[in-house]
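Trainee: Could you take me through this model? I would like to begin with the strands and then turn to the helices.

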Amino acid sequence: MKPRDFRRLSSALKELTPHQRQILIDRLQPAGQSSAPGQLVETRMTEKPSCPHCAGERVSRWGFANGLQRYRCNTCRATFNALTHTPLAGLRHKAKWIDYAKQLVEGSSIRKSAAAVGIHPNTAFRWRHRFLRLPNGQQASSLAGIAEADETYFLESQKGRRQGLSRAPRQRGGKAGKRGLSEEQVPVLICRDRTGNTADFVLEKADQAHIGAVLKPLLASDVILCTDSAKSLATVAKEMGITHRPVNLTAGQRVVAGVYHVQNVNAYDSRLKEWMRRFHGVATRYLGNYLGWRRLIERHDRNISPADFLRATLGIDRVQHAMGT
Ligand SMILES: [Zn+2]
């Protein structure tokens, strides 16, 4: 770059918002080296200060503690830091969080991530589910245009539960005795519109009542719903009065009228299943965390940086900001 252009660039840096600064800091990091987690954590307050107790937006700096800026709310007078009321509050070894987020980006096992980051496997397990708590709940709240929905099933697993086992343990990650819907399968409904907005739901049962309960708030009245002609989805669409375009896959039909198909949601489901295979069966009570983990990776076009993963765990997910969801 010419010296004159560089001076111009350099003086323009003064106008950056804290958020824009952070984006540049990330881009300037040499590959493999991460930005300081502490600094990243602080952006949660510097970007949009808000009291975690009363949501008041007028806050003052109030000294430092545990390596973090403390704040005091001008409204309710409570003090807090950028981690208060986040899932990462109270976790130690902040300096290792970016490295740990990198393990989540890569989908490493508990054992492997513990070794890579230098923490105990129990800590790696606890961190995994703390880090996934917010991504679990971060999903599209409404779908527009052409939306595709598909029911899929995960093997029921009580892995990780020490008490209340209702039957003899099965070889982990094994196959269910019966195909299709059985007591051993947990139904999940995946919905995705053509702009990539995605929502998924772990259902108690894949019947009309349960599917209706999650689809009604999600689908706008002018949505065109494409399904693989599953009966309960058709009934719900009719009940909601929305346009339904079933695609009869078993009869070899793939696309109706050139645009109505379920290829996006099916491709998403295949990527999800393929990626989940590495975990050798996940405990059903954590299934939502894994679905959220995958949604987060997909929301970043399957190319999420560790810093962006950590941001999502703190509720400062950039892509979400951009999408306004
Ligand atoms: Zn307050």
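Trainee: Which way do strand 7 and strand 8 run, and how many bridges join them?
Mentor: Strand 7 (residues 224-227) and strand 8 (residues 243-246) run parallel and are joined by four bridges. Leu 225 is placed opposite His 244 of strand 8. The path from strand 7 to strand 8 goes through helix 9 (residues 231-240), a β-α-β crossover that is right-handed. Right-handed means that, with the strands pointing away from the viewer, the path from the first strand over the helix to the second runs clockwise.

Trainee: What do I need to know about the model and the terms?
Mentor: This is a predicted model, in which local features need pLDDT of at least 70 and side-chain atom pairs count only at pLDDT 80 or more, while totals for chains, interfaces and linings use all residues. Residues are numbered from 1 along each chain as its sequence is written. Helices (H or I, at least four residues) and strands (E, at least two) are DSSP runs numbered from the N terminus, and two strands pair if DSSP finds at least two bridges between them.

Trainee: What is the strand order in the open sheet?
Mentor: The order is 6-5-4-7-8, five strands with mixed pairing. Strand 6 (198-202) and strand 8 are at the edges with a single partner strand each, so one side of each has no neighbour in the sheet. From one strand to the next, the twist averages 25°. Angles here run from 0 to 180 degrees between N-to-C directions, and axes are lines fitted to C-alpha atoms, for helices over the stretch in contact.

Trainee: In which sense do strand 4 and strand 5 pair?
Mentor: Strand 4 (residues 146-155) and strand 5 (residues 185-193) are antiparallel, with nine bridges. Glu 148 has Arg 192 in strand 5 as its bridge partner. Helix 9 packs on this sheet, where it touches strand 4, strand 7 and strand 8, and its direction makes about 160° with that of strand 8. Helix 10 (residues 263-276) also packs on the sheet, touching strand 4, strand 5 and strand 6, at about 30° to the direction of strand 4. Contact means that the C-beta atoms of two residues, placed from the backbone, lie within 7 Å.

Trainee: Changing topic, how many residues of helix 4 are buried?
Mentor: Eight of the 10 residues in helix 4 (residues 97-106) are buried, among them Trp 97, Ile 98 and Leu 104. A residue is buried if 20 or more other C-beta atoms lie within 10 Å of its own, exposed if 12 or fewer, and partly exposed in between, with C-beta atoms placed from the backbone. The buried residues pack against several helices, including helix 3 (37-47) and helix 5 (110-117). Just after helix 4, Gly 107 has a positive phi of about 70°.

Trainee: At what angle do helix 4 and helix 5 pack?
Mentor: The angle is about 150°, and the axes are 10 Å apart. Helix 4 is therefore roughly antiparallel to helix 5. Angles under 35 degrees count as roughly parallel, over 145 as roughly antiparallel, 65 to 115 as roughly perpendicular and the rest as oblique. Asp 99, Tyr 100 and Gln 103 of helix 4 make the contact with Ser 113, Ala 116 and Val 117 of helix 5.
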